[in-house]
Amino acid sequence: MRELDNSAYDGGAYGDGERDLGGVDLGRVWTGVAAEVWRRRPGPAERIAARLLRSPGLARALLTTPSLLLPWLLSTLVVFGVGGLVSLADDRPLVWLLAPGVAAIGIACAYGPGVDPAWEVSCSVPISHRIVLLVRAVAVFAVNAFLGLAVSALTYALNVHGARPVGAEAVAITVAWLLPMTAVCALSLAVAIAARSAVAGAFAGVFAWTAVVVASMSASGQFTAAITDTSTYLPYLAVAACATVAIGFATRSQRGAQ
Amino acid sequence: MNIELTNVTRSFGRNRAVDGVSLEVGAGVLGVLGPNGAGKTSLLRMLATVLPPSSGEIRLLGRDPKNTAQRREIRRRLGYLPQNLGYYPAFTVVEFVEYFALLKEVPSGRVHKAVAEAVERVDLGGRAKARLRTLSGGMLRRVGIAQAIVNNPDLLLLDEPTAGLDPEQRVGFRALLRDLGRTATVVVSTHLVEDVGAACSEVALMDAGRIVFRGLPAELVARGEGHGVGDAPLERGYSAVLQAARKGGVAA
């Protein structure tokens, strides 16, 4: 890299004679001091992410994910918590039905124009925006899946009213929403990318999931049919696969940012 | 040549924003002038590898941006300030500039010094730890310039960089431009002809997606001699060239 001359921006306010005392470039010394004084110490999460991803830039991009910031995580926890309490109160596993919709909104708001303030510049940096998208989407999905699983398991364990299945059946019920959540998240992300709008993606995900839940319920008469009916699993997989292909197509390099 | 464009076009639906532009640019500061909708921003976005061309060939820093590996190499040596740069309000000036230093893969050992240098160059040392939400529009624009130069780019693209800067800051910014242009290729899109006169070694004038004039600022001034429209010599040249282009012939 070329050496920089800090006098450039001062419009001539400070001449070289004032800054270069006895061969010591005070501007350069000050820059070195400023670099140390202003140095930001990355937190543990950023250090771990940088090591795992082998890229400090990618780690920082991951930690700036809007749907991984503390207010968003707290909101997600509140939604799951309320869902869990409702589940305990009337014995309806609302958490299972909430999780895919909540995750879909989080995924849609993970990356893109309108979500990242500096999106345009991000498209001109060496780190591929497809990689940033992938890392953020996986992280948001994992966090939502973890929170959903924790609340789902807790709700199940605390449910003293209903007859609780045990063993493999209990596990199957607790994780039953993961597959539809994958499909809804993939759909939401694909729409967000294609429409270049997080709102459109979130709306598409939530709308599609609500439609599936309502349709399954009216067809079978069961509140949780969208999750527990095994005949829906293959369509979920197909939706997830198609959406993934669409995401890959929409984020191919030559398409650019617009 | 750091920029080589051959018959580049870019269309949005039926609208041809950039229409058959061919251009070769080496080190120095090229000012791109033109009315609204002339295609300046689309041209800069293509140079920034953000927007692929609809047709034509682009080579930047001797590399082909269509090739993934070469595009990555270009982007490492590229600085870009878009017309509307968004900001993370909770970030400090240093955090924001450092974020882009990391995304631009500035070597880890150099990041802090590069950030400090960039922040000092735009005269924001006194607000280095200030949150972006507390800064004025002009200061934010300077933060944007700092992120663009943090990797000490060989190709620097600035879209309306002086928007929001006060006259004193603009004077300082022009000095920075001249300094950067000594070794790098700097392309500045602007509405302000006085910026071009003061800071640019060359000027290109765009209209309706085409480059209708390219030459030295003094040559643009010469085109305006005897022309009645405009307060300053460069403005008269600007108006004369545009008028000639619209009458049917491309003046360049």
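Two strands count as paired if DSSP finds at least two bridges between them. Helices (H or I, at least four residues) and strands (E, at least two) are DSSP runs, numbered from the N terminus. The model is predicted: local features need pLDDT of at least 70 and side-chain atom pairs count only at pLDDT 80 or more, while totals for chains, interfaces and linings use all residues. Residues are numbered from 1 along each chain as its sequence is written, and chains are lettered from A in the order in which they are written.

**View 1. The open sheet of chain B.** Three strands of chain B form an open sheet in the order β2-β1-β4, with antiparallel pairing. β2 (15-25) and β4 (55-60) of chain B are at the edges with a single partner strand each, so one side of each has no neighbour in the sheet. On average, neighbouring strands are turned by 25° against each other, direction ignored (axes are lines fitted to C-alpha atoms, for helices over the stretch in contact, and angles run from 0 to 180 degrees between N-to-C directions).

**View 2. Strands β1 and β2 of chain B.** Strand β1 (residues 3-12) of chain B runs antiparallel to β2(B), and seven bridges join them. F12(B) stands opposite N15(B) in β2(B).

**View 3. Helix α1 of chain B on the sheet.** Helix α1 (residues 40-47) of chain B packs on the sheet and touches β1, β2 and β4 of chain B. The direction of α1 makes about 55° with that of β2(B).

**View 4. Chain A against chain B.** In contact (C-beta atoms, placed from the backbone, within 7 Å) are 38 residues of chain A and 47 residues of chain B. On the side of chain A that touches chain B, α2(A) gives the most, with five residues.

How values were computed
Contact = placed C-beta atoms within 7 Å.
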